[in-house]
Amino acid sequence: MNRYKNTPLIKALNNFISEERIIMHMPGHKQGKGFDAGFTKNLLKFDLTELSGLDNFHKPEGVILESMEALEKAFGSLKSYFLVNGSTSGIHASILSCFERGDKVLINRNCHISVINALILFGIKPVFVMPDYMEEYSLPLPPGLNSWKKALDENPDAKGAFVTTPDYYGICQPLSELSHLLHENGKLLLVDEAHGAHFSFSRKLPETALEQGADLCIQSFHKTLPAVTQAAVLHIGSKRIDPEKVRRAVSMITTTSPSYVIMASIDYARDFAERKGAEIYEKLINILADTKGKLSAMKNLRILPDSIDNLKRDPTRIVIDTALSDISGYELYNRLFNEFGITAEMCDNSHVVFILTMADTADDINKLTQALIKIDKSINKAGTIALFSPPVSGSKCDIPDLHDFLDSKAEIPLKEAEGMICANAVTPYPPGIPVLCPGEVITKQHIRYIIKVKRAGADVHGLSTDDNGHEIIRILKRRCSL
Ligand SMILES: Cc1ncc(COP(=O)(O)O)c(C=O)c1O
């Protein structure tokens, strides 16, 4: 008997899970494999509210406080807070509490859309620091120390830096010297460590942001640890940050009905990783070393090395580069899904990214290896995909006032938008890094790039299409005097 009548979402979810798939994406619990059976069995029963003995997210004095104190011990923070709306809410709360309207902040330009939204919401002026670009793997690399130094020299009034590390490809921005530089100059270092929540649990993983001197960092537990979607945490690492101000900002932007399922999974993930992390990561990293050895023998597909241009990379993140083959990252992603039932985390024009966690089995990793080797053998032409790198935006971006942003209505065909000021963030998903930010001048290079990534298969947010299928972009009224 069909127990549901008009439930399109449930139908789609049922269809999705009805097939045996190998899950190489977030959430890190991998369809429950990372949880203990007793925990999974009770998960819906845990969906409770602020009842006797269960404490209160907004006024933690009991078990929630105790669990947050356990986070402080596990991560070596001065103070840690639960987040129940992903790293996004921690990014918003930290920018809200650490900076004031009108403040300048140094930010790597390849930051997540949640950072851009925080700038608009809270009236922060970004000084964008451009990523370096690595031709060999057509990848953005974190800006070098000299780029941060130059940005600071040119903007001595900046209040601090908001840095993303690791990035989606697992590449880490070294922070020790940067934190030293910032602190010497009386500035703050805040870090979006959404992809690095697991780093604390093995010496074989890169150093954490806090270990390298960050004043505050935000981590998505749900991306790499056994925790449900939206589970995240915020850690304070130094006395330069006022913990009460941060707590109030987190509380302001969080629902008054925080999910106990999410909070319980934060409790679970921290406890599990503390007890078992070192051992499981040792094993996982060894298996992956063997896998990478096998994959490095492929003729056309390439595996991204664990260290790139002297930068550390998260060894649990497998990245396949298709640039020397005749298939794009989008095609490789689809072939793995359709022919082998393997779902990767994300792809772009010439990469496919797989997230491996403590919940993955050697068997699944072996199936991925065999699938990649098989696809590699089926590719008989090398070196023919068209590579294109994101255009380099200037470091100046006049982020619009919140109401100019919300009220912007003017729309024009993308092809006619050169020289206009962009109103929306134009963002290929994943990884969710805007090609254009609100307040940036649209160039010919942006237009060409957006058309190319759309054609190649990316889902680009922030554009619409007219009846003839042409891309339409929203612009701000001001015209740029180029
Ligand atoms: C670098 C980075 N920061 C922040 C976020 C937002 O994290 P969340 O989805 O937990 O809100 C993401 C999400 O993908 C991300 O990739």
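This is a short tour of one predicted model, taken element by element.

Let's start with strands S3 and S4. S3 covers residues 104-108. S4 covers residues 125-129. The two run parallel, and 5 bridges join them. To place yourself on the screen, find leucine 106; its bridge partner in S4 is valine 127. Helix H5, residues 113-122, belongs with these strands: S3, H5 and S4 make a right-handed β-α-β unit.

Is S4 enclosed or open? Count its residues: 4 of the 5 are buried, so the strand is largely enclosed by the rest of the structure.

One detail close by in sequence numbering. The charged end of arginine 109 sits over the ring of phenylalanine 128, 5.4 Å from the ring centre. There is another such placement: arginine 21 lies over the face of phenylalanine 16, at 4.4 Å from the ring centre.

Now helix H6, residues 145-154. Which of its residues are buried? Trp148, Ala151 and Leu152. They span an arc of only 100° around the axis, so they sit on the same side of H6. Turn to the other side, and Asn146, Lys150 and Asp153 are exposed. What covers the buried residues? S3 and S4 come back here, and the cover also includes strand S7, 160-164, and helix H7, 176-184.

Next, the aromatics. The count comes to 8 aromatic pairs. Take one of them, tyrosine 268 with phenylalanine 272. This pair is stacked, at 5.9 Å centre to centre, with 10° between the planes. Both residues lie in helix H10, residues 260-295. They are 4 residues apart, about one turn of the helix. Buried or exposed? Both tyrosine 268 and phenylalanine 272 are buried.

Last stop, isoleucine 473. You will find it in strand S23, residues 471-479. Its relative accessible area is 0%, so isoleucine 473 counts as buried. What does isoleucine 473 touch? Leaving out residues up to four places away in sequence, its contacts are Ala410, Glu411, Ile412, Leu414, Ala417, Cys422, Val426, Leu436, Ile442 and Leu463. Isoleucine 473 and glycine 462 are 11 residues apart in sequence, and their C-alpha atoms are 7.4 Å apart in space.

How values were computed
Residues are numbered from 1 along each chain as its sequence is written. This is a predicted model: local features need pLDDT of at least 70, side-chain atom pairs count only at pLDDT 80 or more; totals for chains, interfaces and linings use all residues. Side-chain values use heavy atoms; hydrogens and water are left out. Buried means under 20% relative accessible area, exposed over 50%, partly exposed in between (1.4 Å probe, protein chains only). Two strands pair if DSSP finds at least two bridges between them. A crossover is right-handed if, with the strands pointing away from the viewer, the path from the first strand over the helix to the second runs clockwise. Contact means heavy atoms within 4.5 Å. Rings of Phe, Tyr and Trp (its six-membered ring) pair if their centres lie within 6.5 Å; planes under 30 degrees apart count as stacked, over 60 as edge-to-face and the rest as tilted. A charge sits over a ring if NZ of Lys or CZ of Arg is within 6 Å of the ring centre and within 35 degrees of the ring normal. The arc is that of the directions from the helix axis to the C-beta atoms.
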